[in-house]
Amino acid sequence: MSESRRWLVAIAGAVLTAGLIAPTSAVAQAADEPIQDPLPDPVQSGLGLTVEEFAQLPKTEPVPPPIDPRLMRHARINYLGEVPDGSGRLYVPDLNGKMYLIDHGTQHVYLDIGTLFAPDFFSGRGLGTGSGFMAFHPDFKRNGKLYTVHSENGAGLAKPTTWPSQPTPILHSVITEWTADDPAADTFSGTHREVVRIGFRGQVHAIQQIDFNPTARKGSRDYGVLYIASGDGGQGASTTGPQELDHPYGKLLRIDPLGTNGTGGQFGIPPDNPFAGDDGVLDEIYAIGMRDPHRFSWDSGAGNRMFLGHIGEHRIESVYDVRPGDNFGWSEREGPFAYKRGDPQCGVYPLPEDDEQYGYVYPVAAFDHNPPPGHPLCSDSGHAISGGFVYRGHDLPDLRGKYVFTDLVDGRIFYTEASEMRRGRPMAEIHELMVYNAAGERTTMQQLAGDARVDLRFGSDRDGELFLLAKANGKVWTVTGTKRFASCDVGHTRVSGTGGARSWSPVTPEKWQFRGDQVILAEAGVAPPGPRRPFEYAVLDKGPELTSTRIDAEVRLDTPVEVTNRDVIIVFGYRSDTRYYYAHLSTDNTIYPHNGIFVVNDADRLRIDDQWDEALSRGAEPAITDADWHDVRVVHCAGSGEIAVYVDGAREPLMTAVDPTFGSGRTGFGSFDNIGRAREFRVTGTAARG
């Protein structure tokens, strides 16, 4: 790298790093101690995606037969895009060798990579091996050119590589250019030539995505330029390879596939590449410091920014805003934290005080793995990011401007606001989206895929509309709409003016006071006989029993803040002293009975909220931590069983649950063994028919 360029990169990195606010869990952490919980958990969103099955791809098998159960999938489909020729045809690659087209709902094999490159074709070892990706040249309709990447071993390892290989490679990643005789044909017929061949020492982190920038206009610098996400071959955890500029490993490469002045003469070097012309540096490099750059895309909104989802080592999954010459820090950094090669704890650490001198670029969004207690420190905890898209389509207005992506392993779907994903600023908050089936019933991608390991990716057509693909069952879903959780019309029966003892029936009347519109539990309750349940509460007698219900109230905890397990509860769906729901609002969220949604049904209270993580013994963020008044809203949709709890006017629910046990009942207020009060207790709903 030239001295002037090195100076500019360092200065830019210093500016960016200075603006980065470290995650709160990393503040004041000793530099030699791993950070136990590096990042905040994603926030549960009240927004959900409605999905409808679009296609079922055929079952395929890896070659050779796999021994890793993670490769034993129905079909290893990993992307969906649209052919850029105006035909509306969609393409879907399967790592096991087939490249499919879907034309107005009808699917067929367009190109059989596995057969054409047999017996060297290789897909049975390593999660990303096989025919990983296909990308159509933006002028495909005219020139018939498309590009694929596949893996080879066997005799394929004897073929010369574009650049010197990693030592003793066990696979080659090969990019091939195909020229179709008839671009409009249903199946490929034509010629092909090899463009790039890279030898990898490991069976993981080879070439992932190859793609063209769909936002680039003809005649612009980025038009017809091919981006190549090249992983570190599994070597970055023990070497500095991703930081070295004289080879392609752990890099994002950028080439002109129709040019000839690149390494080996099979492609060209775009003259605006950030390192073009620098001595001792690969001209093809666009950005460095990557472990497993999984998926990238461009936002067609303002700035046409490029976002990349990057799979971390043991702790952090990241999204980067990519610019020319960036260094994302691997293997000196994992996400926004320091990484120590050879660390037996496989942890992440606080950044050094002099971090700005290195010029690393940090994520604009990230989440951590949260392995359960006792999980082997350096083993796979079952999380990996798959980058997605900033939605700019027209069918889903609630998603517009949101970057959607997945935890590809467990099938969770997330979004961040693209407007919050800004370099040098605090990382964007991540929200977890819900999922609804075509009948409008809430579900999960694990249920739709029929497997705890979903292997979930996003795809998109040319209009920006979204699809989801799962390797687990080889299905493709189209995202047909969005839905707000617990958004039912609760009805128009209103109960207000609830102050005064005549409106309430307490369990123990002498423990209660009624002042103006305040309902005050002045003395802590005592555990009643029978099922484990709240000790003391008052049921609102005023008004009818309700089916769908919305409760609005201001609540306060009067137990001193020094008490860690203090609480109040909101009762709803009340049928009797041993049959009802309640929302538990607590300062503590670390044990089963605290800060959640529960049902009492002639048995000990049962926790039903989505937020409780049994392995981590952690629930939703504490609802009330002080002695102030707080606005609380509880919504219960009797028809769907959806329950949502909101605190202090938040748009997103703090707690959510779906349960059909009680379809009607009364409401109330109380606690277990603490004191507190409610005021302006108002109820809106649908009167239950007698």
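Select Cys-637 first: in this predicted model the residue is buried, with a relative accessible area of 2%. That value is under the 20% limit for burial, which is why Cys-637 counts as buried.

A disulfide joins Cys-488 to Cys-637, with an S to S distance of 2.1 Å. Look along the S-S bond: the angle about it is -90°, and the link of Cys-488 and Cys-637 is left-handed. Now colour by secondary structure. Cys-637 sits in strand β39 (residues 630-637), while Cys-488 is in the loop between β28 (475-484) and β29 (493-495). The pair links distant parts of the chain, 149 residues apart.

How many disulfides does a search of the whole structure find? The search finds 2.

For the other bond, select Cys-346 and Cys-378. Their sulfurs are joined in a disulfide, S to S 1.8 Å. The angle about this S-S bond is 100°, and the link is right-handed. Cys-346 belongs to the loop between β18 (337-339) and β19 (348-349), and Cys-378 to the loop between β20 (365-368) and β21 (385-390). These two cysteines are 32 residues apart, and their pair also links distant parts of the chain. With the surface still on, compare the two ends. Cys-346 is buried, at a relative accessible area of 10%, and Cys-378 is partly exposed, at 37%.

Show the bonded cysteines together and number them in sequence order along the protein chain: the pairing is 1-2, 3-4.

The last stop is His-431. Select strand β24, which covers residues 431-436 and includes His-431. Is His-431 buried or exposed? The residue counts as buried, because its relative accessibility is 8%, under the 20% limit.

Which residues are in contact with His-431 once its neighbours within four places in sequence are left aside? They are Val-43, Ser-45, Ile-413, Phe-414, Tyr-415 and Glu-652.

Definitions and conventions. Residues numbered from 1 in each chain as written. Predicted model: local features only at pLDDT ≥ 70, side-chain atom pairs only at ≥ 80, totals over all residues. Heavy atoms only, no water. Helix = DSSP H or I, 4+ residues; strand = E, 2+ residues; numbered from the N terminus. Buried < 20%, exposed > 50% of the residue type's maximum accessible area, 1.4 Å probe, protein only. Contact = heavy atoms within 4.5 Å. Disulfide = S-S within 2.5 Å.
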